[in-house]
Amino acid sequence: MKKVKKLFQANRKFILFIFVGGINTLFGYSIFALFLWFGVHYSIAALLSTIGGVLFNFTTFGRLVFDSKSLSNLPRFTLVYALNYFFGVGVLYICNQFAYNLYLVQALLILPTAIVRFILMKYFVYKN
């Protein structure tokens, strides 16, 4: 039992990131899917989702995962999301050329981009 507790404490930030990230992902993907459903171009839907994500996720990740209330992290946080946006839109562009389902493509991008965002958040945005 002590090993499990020690493992949990060592990975607390990652576990919180996954939990909070799940909530944030639901929020961001819902924005993307809603705008796409209304016929908005995928790049604009992704942009609106990213902007909503920055506004919503900065608070949840900062306070709940990384114990930070400082606005000084906002520029780096925004940069991480901008990189995420350009990568995602690039993948959507390529997949759109092959007429893939963009709802599915966006859903499949969630896990790899979440892992990269966690690493960037931990070592670039909220570095101790």
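What follows is a dialogue on a predicted model and the terms used for it.

Student: What kind of model is this, and how are its residues numbered?

Tutor: This is a predicted model: local features need pLDDT of at least 70, side-chain atom pairs count only at pLDDT 80 or more, and totals for chains, interfaces and linings use all residues. Residues are numbered from 1 along each chain as its sequence is written, and side-chain values use heavy atoms, with hydrogens and water left out.

Student: How many helices and strands are in the chain?

Tutor: Five helices and zero strands. Both are DSSP runs, numbered from the N terminus: helices are H or I with at least four residues, strands E with at least two. From the N terminus on, the order is α-α-α-α-α. The C-alpha trace spans about 50 × 35 × 20 Å along its principal axes.

Student: Why is Ala46 called buried?

Tutor: Buried means under 20% relative accessible area, exposed over 50%, partly exposed in between (1.4 Å probe, protein chains only). Ala46 has 6% relative accessibility, so Ala46 counts as buried. Ala46 is found in helix α3. Of the 128 residues in the chain, 36% are buried.

Student: Why is Phe87 called partly exposed?

Tutor: Phe87 has a relative accessible area of 47%, so the in-between class applies. Phe87 sits in helix α4. Its C-alpha atom is separated by 13 Å from that of Leu108, 21 residues apart along the chain.

Student: What makes Asp67 exposed?

Tutor: Its relative accessibility is 54%, and the cut-off is over 50%, so Asp67 counts as exposed. Asp67 lies in the loop between α3 and α4. Its phi is near 50 degrees, a positive value in a residue other than glycine.

Student: Which classes do Ala99 and Tyr100 fall in?

Tutor: Ala99 is exposed, at 67% relative accessible area. Tyr100 is at 49%, so Tyr100 is partly exposed. Ala99 is in the loop between α4 and α5, and Tyr100 is placed in the loop between α4 and α5 too. Ala99 has a positive phi of about 60 degrees, although it is not a glycine.

Student: What makes Ile44, Leu47, Leu48, Ile51 and Leu55 a nonpolar patch?

Tutor: Nonpolar side chains (Val, Leu, Ile, Met, Phe, Trp, Tyr) are joined within 5 Å, like charges within 9 Å. Take Leu48, in helix α3: its relative accessible area is 33%, so Leu48 passes the area cut-off. Together the five have about 430 Å² of accessible area, by the Shrake-Rupley method with a 1.4 Å probe; for residues, only the protein chains shown count as cover.

Student: What makes the largest pocket a pocket, and what is its volume?

Tutor: On a 1 Å grid over the protein atoms alone, a pocket is an open set of points with protein on both sides within 12 Å along at least five of seven lines. In a cavity, a 1.4 Å probe fits but cannot get out. The volume is about 500 Å³, the space filled by probe spheres set on points joined across faces, edges and corners.

Student: Which residues line the largest pocket?

Tutor: There are 30, each with an atom within 4 Å of a point. Thr25, Asn84, Ile110, Thr113 and Arg117 lie nearest its centre. Helices α2, α3, α4 and α5 each supply at least two lining residues.

Methods. Patch = residues over 30% accessible without salt bridge, like charges linked within 9 Å, V, L, I, M, F, W, Y side chains within 5 Å. Salt bridge = Lys/Arg side-chain N within 4 Å of Asp/Glu carboxyl O.
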